[in-house]
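Reader: I want to go through the aromatic contacts in this one. Can you take my questions as they come?

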Amino acid sequence: MQYRNPIVPGYNPDPSICRVEDTFYLVNSTFEFFPGVPVRKSQNLVNWELAGHALDRVSQLPLQGSAPSSGIFAPVIRYHDGLYYMITTHVNIMFASGKTGNFIVHAADPAGPWSEPVWVDQFGIDPSLFWDDDGRCYFCGTGHDESIPGQGIVFFEVDPLTGEILSEKKFISHGSGGKCPEGPHIYKKDGWYYLMLAEGGTEYGHMETIARSRSIEGPYEFSPHGPLLTCRGYRGLGPVQCTGHADLVDDANGNWWVVCLGTRPIGPMAHQLGRETFLAPVFWGEDGWPRMANDGVMKMEFDAPLPAAETVTPVSDDIHIDFTAVKDIGSLPPECTWLREKITENYRFANGLVLRGTQQKLSDPNASPTWLGVRQTQHSACAEAVLRTELAGGTAAGITAYYMHTHHYDVLLTRRGGRLLAQLRKHLYDMVQVTAELELPACETVTLRVRADRSLYTFEAAADGGEFITLGSGMTAGLCTEVTEHNTFTGTFLALFAEDGDARFDRFDYTAEWAKK
Ligand code: 6LW
């Protein structure tokens, strides 16, 4: 059956997947955004329902003051003996403690509630769990090997309910030669232990390598076929780039699949949607090595034997919210996301969503502005918001196309000297400028609109549902990961915001259009 990639579009990196009977569960990293680690479920690997988040309260996920692209790095989801486990790294805690940021939460229901964290005393990222046939649970993740010195894959037995380390730490691999061996997972099949790694860094040299051993502690021998998947070298000519950080899963029909992160650049080495989750079929050769279809090169479409293919329905990323019908913050769609802290008193529901704008602004580093966003999932996308015009002087509120505090374009309403103004405000690096301003007639509501494509974000405003007037545009390139000052790992959101006073929103509509073939 034909299916399209990415299976989880928009900023959803570092995927991990497991299967329980006929249902698949998938998690992604979330960095400085709250709630953390979305848990999606599917029976056909194409239609994914956002069941909840593994980290949905501050006691699990303190993000105040987190730098861009810090917070929650790669997660892993596994199931054993009636419980779901999610292990990940809070890198702020890792660096602040100098000891560890690796923690495990567990749940009987993947939709939650998930437990409070238990910590595993290992400095490094990308932790993973593996249960052997005898029920013993093992941790593997990155670590610094003093003996080389360098980054390696550290391995030890662990109690997944307490985080207690139960055996001596060993380094079982240093990769096949790519930089940053990370994202390890252990699998067992036909008497072999397989160790799969991400190598090469999560950019354009990324690859997923696989090795095997008859002993779980190794030594591990790498596949003679080279990387299971990559877009480096001669494989790097397609529309999907940076593939790596993968996880393997089989379905109830005995077919195997790999999920991995990848990017859909708008042009050579520039992507703004973030690293997304892709799916490809995997086949096991007579020699016992797994091979990804299409010679390990990710495609936008595959024709493959999907599980429960009869349940596949058309995929839509659209989100429509009538805030006048929403009674409280808990009733918002699960895709709604906050930047760092979800300060609930700044989000009130009274015949619409009243955002209480504070002194924390979109352009402040490490801040928690009043901000409510959804991930942009396709290059062609549109976000509309209907605001009431009862703004106090100096308040600014509207929609932001937001990558991070130094890279965002905002279409907003404000008042100055009693005049109602629509503005286009752009922040790129240390340049912040209102590049367009339009005085609006007296009106009850204003609809702000952002239309995105591979080249531009176009910003418009319409009074009382009338004709849209274009304020201007911003280059899509300005919101790309590759142009940020430091290495970043996130993606573009379309978000409502308010600064310096209250703003009331009647509705928010996000629509996205899959690229034509
Ligand atoms: C992830 C690690 C990585 O934990 O980036 O570059 C981190 N490689 O695998 C964040 O995605």
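Reader: Is Phe-459 buried or exposed?
Author: Phe-459 is buried, at 0% relative accessibility. Buried means under 20% relative accessible area, exposed over 50%, and partly exposed in between, with a 1.4 Å probe and protein chains only. This is a predicted model: local features need pLDDT of at least 70, side-chain atom pairs count only at pLDDT 80 or more, and totals for chains, interfaces and linings use all residues. Residues are numbered from 1 along each chain as its sequence is written, and side-chain values use heavy atoms, leaving out hydrogens and water.

Reader: How many aromatic pairs are there in the whole structure?
Author: A search of the whole structure gives 26. Rings of Phe, Tyr and Trp (its six-membered ring) pair if their centres lie within 6.5 Å; planes under 30 degrees apart are stacked, over 60 edge-to-face, the rest tilted. One of them, Trp-371 with Phe-493, is edge-to-face, at 5.1 Å centre to centre and 65° between the planes.

Reader: Where do those two sit in the chain?
Author: Trp-371 is in strand 29 (residues 370-375) and Phe-493 in strand 38 (residues 493-499), 122 residues apart. Strands (E, at least two residues) are DSSP runs numbered from the N terminus. Trp-371 is buried, with a relative accessible area of 0%.

Reader: Which cluster holds them?
Author: Trp-371 and Phe-493 belong to one aromatic cluster that also includes Tyr-11, Phe-31 and Tyr-402.

Reader: Switching topic: what sits over the ring of Trp-514?
Author: The charged end of Arg-4, 4.3 Å from the ring centre. The criterion is NZ of Lys or CZ of Arg within 6 Å of the ring centre and within 35 degrees of the ring normal.

Definitions and conventions:
Helices (H or I, at least four residues) and strands (E, at least two) are DSSP runs, numbered from the N terminus.
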